[in-house]
Amino acid sequence: MTFEGWDFCRIDDELSEEERMARDTTRRFVDDRFKPLITEHFRKGTFPMQLVPEIAELGVFGATIKGYDCAGMNNVAYGLVLQELERGDSGLRSFASVQSSLVMYPIWRYGTEAQKQHWLPLMARGKKIGCFGLTEADFGSDPGGMRTRATLDGDHWVLNGSKMWITNGSIADVAVVWAKTGDSQDSIKGFLVEKGTPGFTASNIEGKFSLRASVTSELAFDGCRLKKDAVLPESHGLGAPLSCLNQARYGISWGVIGAAADCYETARAYALERVQFGSPIAGFQLVQEKLVTMLTEISKAQLLCLRLGRLKDQDKLRPPQVSMAKRNNVSWALEIARLAREVLGANGIADEYPVIRHMLNLESVYTYEGTHDIHTLIVGRDITGLDAFHAGA
Ligand SMILES: Cc1cc2nc3c(=O)[nH]c(=O)nc-3n(C[C@H](O)[C@H](O)[C@H](O)COP(=O)(O)OP(=O)(O)OC[C@H]3O[C@@H](n4cnc5c(N)ncnc54)[C@H](O)[C@@H]3O)c2cc1C
């Protein structure tokens, strides 16, 4: 009997009935509804917006929020759902991560009751889509340097500046935009900017070879006047957007396991079928070594995520632990995609198979939500007490 699938360490045994159900429902949606469409959308550079109501039905948007028409899942169930979405495509998981961790979460954590009552139920049902604007052209890893400013003028905030590389920017109904209200990082606050507000424009970034089935935009604010209650009043300083990124990074750590698993399963099946020198290439030691490395690293990533999910549910998870998981799991998922591409030979570069698409997507995932190296510095600081972020430090 050969081992099928990718749950080598029987993670399944550790899951509750609800957790398994959330995962399996999402898995069916991805296989039946999403996978048949993804190649065309990746080629065209579009996201399948027609599926948004079905994605909402899965309870994915704001999945861990209790109340406000959200599913109130635990963090392991949410992680498993994201794993399944990213088995489809990193663009699909990005769509869900942005909506949940980067838009609904800050509204829930830093917003007024009126903002929560208005936005969260609409966003949970997928009736309104959000985006998160932190990065600027000159400030990526170092967002505290941002130039976007919000100034009070009577009953209004006036927003000036621009944001770059914003997922869902041009298709969003509302943008959570981070701006300085004074000179220091401590003055950073979040603002809800609705589509169509005069002075706010969003234009798409073209020419991407990665995350093609995900819209990425530039946002511009030119004397954009917002009502005074557009601010998220409980957001104080850079820690607020960073807390949102911590939520999203947790989800990424789970998500990329799905992309890696899709690559592994594709490579294993291909290697068993493909005959060279008179035998299936899966029978060659060098190919087996690749498959074993893939499955070992998938298994380690699953175990890490499961443990962090349980800690998160007990409110014991620390951001550097999330950094360790994001750093490890994304870099191994990318390596697994590259190994799978190698196993597929020339077919590895064709979109008849999902491998090259995952590989290209994972290059973005490696960079966004804190680059691989920035997460190294976060963990390094945590274990030494020394900050290596600044040149000469
Ligand atoms: C497809 C995609 C979608 C995105 N979606 C969003 C979004 O929705 N919202 C949003 O706000 N942003 C988004 N981003 C932006 C993303 O978060 C940034 O690209 C990321 O933070 C890195 O910033 P940067 O690209 O400016 O790179 P830089 O910060 O310029 O980094 C360049 C290189 O320098 C290294 N580096 C930087 N500082 C240090 C240091 N101190 N020590 C050692 N090395 C260092 C980095 O690791 C990296 O290798 C998205 C990006 C992409 C590609």
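## Basis

Helix axes here are lines fitted to C-alpha atoms over the stretch in contact, with angles between N-to-C directions running from 0 to 180 degrees. Helices are DSSP runs (H or I, at least four residues), as are strands (E, at least two), numbered from the N terminus.

The model is predicted: local features need pLDDT of at least 70 and side-chain atom pairs count only at pLDDT 80 or more, while totals for chains, interfaces and linings use all residues. Residues are numbered from 1 along each chain as its sequence is written.

## Helices α6 and α9

Helix α6 (residues 239-273) packs with helix α9 (residues 355-367) at about 155°, the axes being 10 Å apart. The two are therefore roughly antiparallel (an angle over 145 degrees). Residues in contact (C-beta atoms, placed from the backbone, within 7 Å) are I252, V256, A259, D262, C263 and T266 of α6 with V355, H358, N361, L362 and V365 of α9.

## Helices α4 and α6

The axes of α4 (residues 90-110) and α6 come within 9 Å and cross at roughly 155°. That makes α4 roughly antiparallel to α6. On α4 the contact includes S90, R93 and Y110; on α6 it includes A240, I252 and A259.

## Ligand shell

The ligand is surrounded by 21 residues (C-beta atom, placed from the backbone, within 6 Å). L134, T135, G140, S141 and T371 are the closest. Elements giving two or more residues to this shell are β1 (130-133), β3 (156-167), α9 and α10 (372-384).

Domain 2 (130-230) and domain 3 (239-384) each supply at least three shell residues; the bounds come from an automatic or database domain assignment.

Methods. Parallel < 35°, antiparallel > 145°, perpendicular 65-115°, else oblique. Contact = placed C-beta atoms within 7 Å.
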